[in-house]
Amino acid sequence: LFVSKLLLSPSIGCDDYLGSDKVADKCGICGGDNTGCKVVSGVFKHTLTNLGYHKIVEIPEGAIKINITEMSKSNNYLALRSRSGRSIINGNWAIDRPGRYEGGGTTFTYKRPNEISSTAGESFLADGPTDEILDVYMIHQQPNPGIHYKYIIPEANVISPQLPPHRRPGEPFNGQLELTGGTDHEDENLHRETDTHTGQATATFPVIQPGRFPSHQPDNQVPAVQPPRRNREHNWKQVGTTECTTSCGKGLRYPIFRCVNRISHEEVSESYCDTSTKPTPEEEACNIFPCPAFWDIGEWSECSKTCGLGMQHRQVLCRQVYANRTLMVQQYRCHHLEKPETTSTCQLKICSEWQIQTEWTSCSVPCGVGQRTRDVKCVSNLGDIVDDEECNMKLRPNDIENCDMGPCAKSWFLTEWSDRCSADCGAGVRTRSVVCMTNHVSSLPLEGCGNNRPSETISCDNGPCVGKVEWFAGSWSQCSIECGSGTQQREVICIRKTEGSFDALNPYECSFLERPPSQQSCYLKPCGAKWFNTEWSTCSKSCEGGFRVREVRCLSDDLTPSNQCDPQFKPEEKEPCNTQDCIPEIDENCKDKYYNCNVVVQARLCVYTYYKTACCASCTRVANRQSGFLGRR
């Protein structure tokens, strides 16, 4: 029956009993309730400014289940060192490869994902426990993405996980008896201590010391079976050592003991010797000479370009193994080996390129200077049209340019009207200059400027002059010299204007007014230059925004081209026009005769007369959209 129960319940719990369902809690205690330890976790999110090593968190002595993880991929590195200053991972500005590193009494697993598609950051993982305080650092090179840390600290007053809580010394262990020696009477009593979480008294069992046994046994304890007495004809003898754990760089080996006859020294079965007197093998160093240095090759970095030919890099360090640790050494120690390449070309995919889809359109004007356009698209290596950002914008071909259709008819060129009226009060005139010249913009088919010469004067009136007192200035005399700087004279008198006449007054009557100068400098040659412009051309579109142009020239007083005009006062040569929306004309006879006219549009068959008539409505809508698109450009 007992055997059948074992066969039905073959599982072994953490208390080493068959059929037990006990498991270890997060604190490592068999059958525990997770209250025997403290979980410490958090996220380091400080903003750092200086490059270099920055301390993140301190891992105390005795910590277990250690997890230090970067929250996202970055160019920063994690580093680990002991409180004594000994570097464990990524110390002294040397970046170690991912792997397992011993330090602080435990083994740390260092991970650094390097796949291009991976977004995971670096991490340190260790089971613990640590036997000293360790400091975690970050080698800061770019903004901190956040470092998550977590470890567990077992409480001091918890039953030792080395013995299951229910098992007392001398009780069966997994169905077998344990042989124990003697013990002092001071270890018989259970020590009472207070649990730090519940505040209640708990019991801890004494630690069994080798060579001791309790002076009394509990009632439910099975008596220990004494081993048979061995004679002294045989004893233990060292017959050799195990192989060294490493071929170089300081390994370990252990002595091998065999049971031999004291007289003949022949090996016999170990049952002839007393197992309690068998020496404990002690490790000894071997092959302590350093291993040959080697090149430690890191992973390739991401390609410097997402398409086309780029570069990628990797770290190549000279390392040497000694005492189960890999150390970075000077590169000359690896000169007996060819150094691997640290850079390489790479290409993730072929870049997209610009393609000219259409020829240039006809010029927007029949004569003079206009514009023409063409369709330019960014096309991937698979032939698909993609966004312009996929191509190099610096290499984009022009899709619009000016075109010159030759000179048009002659036109009248005009200056702007003068700012001031010829009379300060009463009726006067404003003037402008008018000249007939060849026009390179207008599309009017005229061979000359014609008889409709634009007016050079326009009337103006600054108000009545009745009873107004003012200074009256006569005409300037001729310049004292014919060219260069000279002077001119004129007469200035105070007058009162009346209807149709004026009266001369004493000058003091006009003293409250600023007296015009009676003398001025004059300069006859050269006389300067002015801006002349033609009338506006016809608008390039009748709706949805077009443009119109005119020609502007700088002319001297002898009507020859000049560059002496002030650029700030140059009239505009181009301006928008007809910005209102287009209202398409509805043709009652323009209809689609077939249900699948959309296929005709997609196949671009509307250019043929038959399809243009059979699918009139669809083809007309496409034509209107295309004309609107070109107008907006």
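Two strands pair if DSSP finds at least two bridges between them. Helices (H or I, at least four residues) and strands (E, at least two) are DSSP runs, numbered from the N terminus.

The model is predicted: local features need pLDDT of at least 70, side-chain atom pairs count only at pLDDT 80 or more, and totals for chains, interfaces and linings use all residues. Residues are numbered from 1 along each chain as its sequence is written, and side-chain values use heavy atoms, with hydrogens and water left out.

**Exercise 1.** Give the strand order of the open sheet that three strands form, and state the sense of the pairing.

Solution. 
- Step 1: the order is β17-β19-β20, and the pairing is antiparallel.
- Step 2: β17 (294-297) and β20 (325-328) are the edge strands, each pairing on one side only.
- Step 3: from one strand to the next, the twist averages 50°; axes are lines fitted to C-alpha atoms, for helices over the stretch in contact, and angles run from 0 to 180 degrees between N-to-C directions.
- Step 4: four bridges join β17 to strand β19 (residues 316-322) in the antiparallel sense.
- Step 5: opposite Phe-294 stands Arg-319 in β19.

**Exercise 2.** Is Ser-380 buried or exposed? Name the loop that holds Ser-380.

Solution. 
- Step 1: the relative accessible area of Ser-380 is 15%, so Ser-380 is buried.
- Step 2: the loop runs between β24 (376-379) and β25 (385-386).
- Step 3: not counting residues up to four places away in sequence, Ser-380 touches Ser-352 and Val-386.

**Exercise 3.** Find which residues Cys-590 contacts beyond four places in sequence.

Solution. 
- Step 1: Cys-590 sits in the loop between β39 (574-577) and α2 (597-602).
- Step 2: Cys-590 is buried because its relative accessible area is 15%.
- Step 3: the contacts are Cys-616, Ala-617 and Thr-620.
- Step 4: Lys-612 is 22 residues from Cys-590 along the chain, and their C-alpha atoms are separated by 9.8 Å.

Methods:
Buried < 20%, exposed > 50% of the residue type's maximum accessible area, 1.4 Å probe, protein only. Contact = heavy atoms within 4.5 Å.
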